[in-house]
Every structure is written in C-alpha cells, then in structure tokens.
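Welcome, and take a moment to look around before reading on. The report below walks through a few features one at a time.

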Amino acid sequence: MGSLALTRAGAASPGGGGTPDPAADPGPRAAWRPEGELRGVWIASVNNGDWPSKPGLSADQVRSELRALLDDAARWNLNAVFLQVRPTADAFWPSPHEPWSAWLTGVQGADPGWDPLAFAVEEAHARGLALHAWFNPYRIANHDDPARLAADHPARRNPEWVVRYGGGLYYNPGIPAVRRFTQDAMIHAAENYAIDGVHWDDYFYPYPVAGEEFDDAETYAEYGGDFDSLADWRRNNVNLLVREMHERVKAVRPDLAFGISPFGVWRNRGTDPAGSDTRSLQAYDELFADTRGWVRNGWMDYVVPQLYWHIGLAAADYAKLVPWWSEVCAGTGVRLIVGEAMYKVGDAAQPDAWQDPAELSRHLTLAAEDPEVTGHVFFAASQVKADPLGAMWRVYEDHYR
C-alpha cells in the first residue's frame with residue numbers, strides 16, 4: 001500500500017506565500033516520514049465553513065486566512081490538513097474540467113487570478129504539514145436550480161447527468177460517462193500538484209430525505225440489467241468509482257495516498273452479523289457505500305471513519321466502533337485513522353458528554369490501546385482554532401505535546 005507521506009520530523013518556518021509553479025514540488029520528498037501517527041484537521045470550503053470565511057474576499061485576505069489556519073494546525077502539533085478543493089463540482093485550482101468555485105470568488109466560474117491549491121501546498125509543506133486534497137465526488141449544488149450554475153458548467157452542458165434530490169443537484173452515479181468525468185476532474189489535481197493525498201468524504205448517493213426518491217429509474221433500466229436489485233446496482237456503481245479511482249491514483253503517482261472518510265457505521269449487527277453493535281443509519285443500505293468491502297479489497301490506502309459519537313452512546317458507541325473498524329482493517333494494509341467530532345464540543349444541543357472538555361482526549365486514550373489505529377482527524381478547522389471548552393488544549397496536553 002502507498003504511504004501517507006506524512007511530515008518532516010520538525011516543522012519548518014512558514015513560507016513567503018507567492019504563487020508557485022503548480023507542477024513544482026515545494027519540498028524535499030525524501031525528508032518526509034512515510035510512517036507514524038497522523039494528526040490532522042479538515043478544512044471545509046463548502047458553505048464557507050472554514051475557509052474562505054466568505055466568498056469574494058481579496059486574494060490577500062484569502063491567503064491570510066489560510067495561513068492562519070495552517071499556523072494553528074502547526075501550533076497544536078498536527079501534521080496533516082485535509083483541504084476541501086472540490087466542494088460542489090467546482091474547483092479551487094485552474095481546472096480544465098470544472099469552473100472556479102463560487103465559495104472562493106462569489107461567482108462560479110470567475111477566475112480569481114491566482115492558484116489557491118498551489119499556494120496551499122507550498123504553505124502547508126513549509127510548516128511541515130502534509131496536504132491531502134479533499135474532493136466531493138457527486139454533489140453539484142446545495143440548491144436545485146441548474147440555471148444558477150455557471151453557463152459552461154458540465155451539469156448544464158449535460159443535463160441528462162443531473163438528478164434533483166432533497167433541494168440539491170447531484171451527478172447520477174449510474175451513468176458511466178459521469179463516473180469517468182468525475183474521476184478526470186479529480187485526477188487532474190493529482191497529476192499537477194504535489195499533494196500528499198487524494199481524499200473523499202462520506203457523500204456518495206445522497207443521504208436519504210424522507211418522502212423523496214432519487215430518480216435514477218431510467219438509468220437503472222439502461223445500465224442495471226446484470227443486477228437483481230436497484231440497491232445492488234447502486235452499490236456496484238460506487239464500488240466502480242472507488243476501485244477505478246484507486247487504480248488511477250496509483251497509475252499517476254504510486255506514492256500518492258488515496259483515502260476516504262466514510263460515515264462511521266457500515267451496517268448494524270441486527271441487519272448483518274458482520275456489522276457493528278449499533279442502531280444507526282447504515283452506509284451500505286442507505287448511501288449504497290460498501291465501506292467495509294472497500295477496505296477488505298484494499299481499494300484505498302487509509303480510511304477515516306467518522307466516529308462522531310461519544311463513549312457510551314447506546315445507538316453508536318465510540319468505544320465499540322473503534323474495535324469494529326480495527327477488525328475490518330486488520331491484515332488489509334489499509335491504515336485506520338479515526339475521524340473526531342470537535343464540532344460537537346460545547347454545543348448546547350449535544351448530550352452531556354460533549355459538555356466535558358475531556359471527552360475527545362478520552363477518545364484518543366481509548367484508541368491508543370488499539371494497534372490498528374494510526375491517527376485522528378478533527379472536524380473541523382474553525383472549531384479546532386476556537387478550542388471550545390479547552391478540549392483541543394486537553395488533546396494537546398495529553399497526547400500531542
């Protein structure tokens with residue numbers, strides 16, 4: 001399996017932040033450690049969640065905000081960032097496949113005049129941080145009006161690729177041309193930038209919306225003849241996306257890591273004896289994502305299940321899910337890294353466990369007892385920076401100092 005291309009042993013001073021050559025490697029790769037604990041944070045751009053703070057800022061403001069988030073990651077002694085660069089079928093780099101992101105410029109397709117991904121790679125590496133480029137495969141928009149997309153958007157040029165669902169627009173995963181196009185759009189970044197990983201989140205077929213059906217009946221009639229059920233065909237569509245993308249990443253750069261951060265429950269034990277002792281939404285059945293199968297088949301280098309629940313939660317206990325995922329990963333060569341819910345800490349709407357500043361530190365203490373767990377990633381950068389209740393400080397003092 002490929003390495004995670006983690007960090008140098010000791011962070012360098014921050015770089016100057018000019019716009020580099022996208023094809024240039026900004027750091028000596030041989031000096032970067034290929035193994036060790038991954039300590040990461042997600043930086044979300046969709047809905048301007050973490051960065052940029054709002055659309056339409058000047059280039060200097062956007063660069064300054066990213067430098068601050070990277071400085072903060074280094075301050076907590078983290079060693080990797082997962083930067084969302086394709087949030088809604090758009091791009092934070094000059095892509096020949098998709099328009100510039102509206103979350104960056106305020107107007108989808110508007111050229112900002114600089115290259116945020118190249119800048120991010122250079123700045124992250126200057127601080128000893130690995131940078132994994134985070135892509136969302138199939139989400140087109142968080143609204144359902146194609147006319148609001150850029151005039152030359154692929155979804156407008158190919159309206160037959162698009163499904164309206166739950167107030168959003170999605171590419172139809174059952175169309176082979178869509179699968180190829182989506183891969184092409186993402187692999188371009190791997191071919192042209194010194195990123196350390198290609199990273200996907202948990203969105204494949206969209207999360208279910210009560211009373212709505214994802215309208216792919218015609219696509220199933222055209223392409224699903226070899227399958228006994230719509231669900232099996234949908235799972236195969238996602239399987240093909242994952243397997244083929246892994247193959248393409250390795251063909252471009254064998255050392256480049258490919259990883260996914262899926263929803264934390266594959267199937268419940270009440271549904272499948274191989275499932276976890278949980279009572280939750282099931283990725284296999286409702287997102288058509290066979291996350292356990294991907295690991296067992298070695299179609300990724302690392303997996304970051306989003307275990308966004310507290311220790312002792314009856315429906316989905318962190319203390320039960322860590323060993324379940326550990327057993328799944330054992331012997332596969334796929335690294336297990338745990339996704340942590342920093343965003344829940346101190347939120348008044350969350351249970352009492354999340355009002356305790358030590359909850360996340362206890363997660364790391366528990367996971368440290370499992371030899372399969374090789375790191376943690378925190379969602380998300382804004383909350384890590386804010387350090388609600390001093391929870392990140394506890395993690396740092398107990399585990400990262």
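## Salt bridges

A search of the whole structure finds 22 salt bridges, a salt bridge being a side-chain nitrogen of Lys or Arg within 4 Å of a carboxyl oxygen of Asp or Glu. Please keep in mind that this is a predicted model, in which local features need pLDDT of at least 70, side-chain atom pairs count only at pLDDT 80 or more, and totals for chains, interfaces and linings use all residues. Residues are numbered from 1 along each chain as its sequence is written, and side-chain values use heavy atoms, with hydrogens and water left out.

Helices (H or I, at least four residues) and strands (E, at least two) are DSSP runs, numbered from the N terminus. Arg 127 is buried, with 4% relative accessibility, while Asp 71 is partly exposed at 35%. Here buried means under 20% relative accessible area, exposed over 50%, and partly exposed in between (1.4 Å probe, protein chains only). Both residues also belong to a network of salt bridges that links Arg 67, Asp 71, Glu 123 and Arg 127.

Asp 184 lies in helix H5 (residues 176-192) and Arg 248 in helix H7 (residues 230-252), so the pair ties together parts that are 64 residues apart in sequence. Arg 248 is buried at 18% relative accessibility.

## Strands side by side

Which way do the residues of strand E8 point? Ala 257 and Gly 259 point one way from E8 (residues 257-260), Phe 258 and Ile 260 point the other way, and all are buried. E8 pairs in the parallel sense with strand E7 (residues 197-200) over 4 bridges; two strands pair if DSSP finds at least two bridges between them. Phe 258 in E8 is the bridge partner of Val 198. E8 also pairs in the parallel sense with strand E9 (residues 302-303), over 2 bridges, and there Ile 260 has Val 303 as its bridge partner.

Elsewhere, 3 strands form an open sheet with antiparallel pairing, in the order E4-E6-E5. Its edge strands, E4 (139-141) and E5 (162-165), each pair on one side only. E5 and strand E6 (residues 168-171) pair over 4 bridges in the antiparallel sense, with Val 162 opposite Tyr 171 in E6.

## Two packed helices

Finally, helix H11 (residues 359-367) packs against helix H13 (residues 391-400) at an angle of about 25°, with their axes 8 Å apart. Axes are lines fitted to C-alpha atoms, for helices over the stretch in contact, and angles run from 0 to 180 degrees between N-to-C directions. H11 and H13 are therefore roughly parallel to each other (angles under 35 degrees count as roughly parallel, over 145 as roughly antiparallel, 65 to 115 as roughly perpendicular and the rest as oblique). The contact (heavy atoms within 4.5 Å) involves residues including Leu 360 and Leu 364 of H11 and Val 395 and Tyr 400 of H13.
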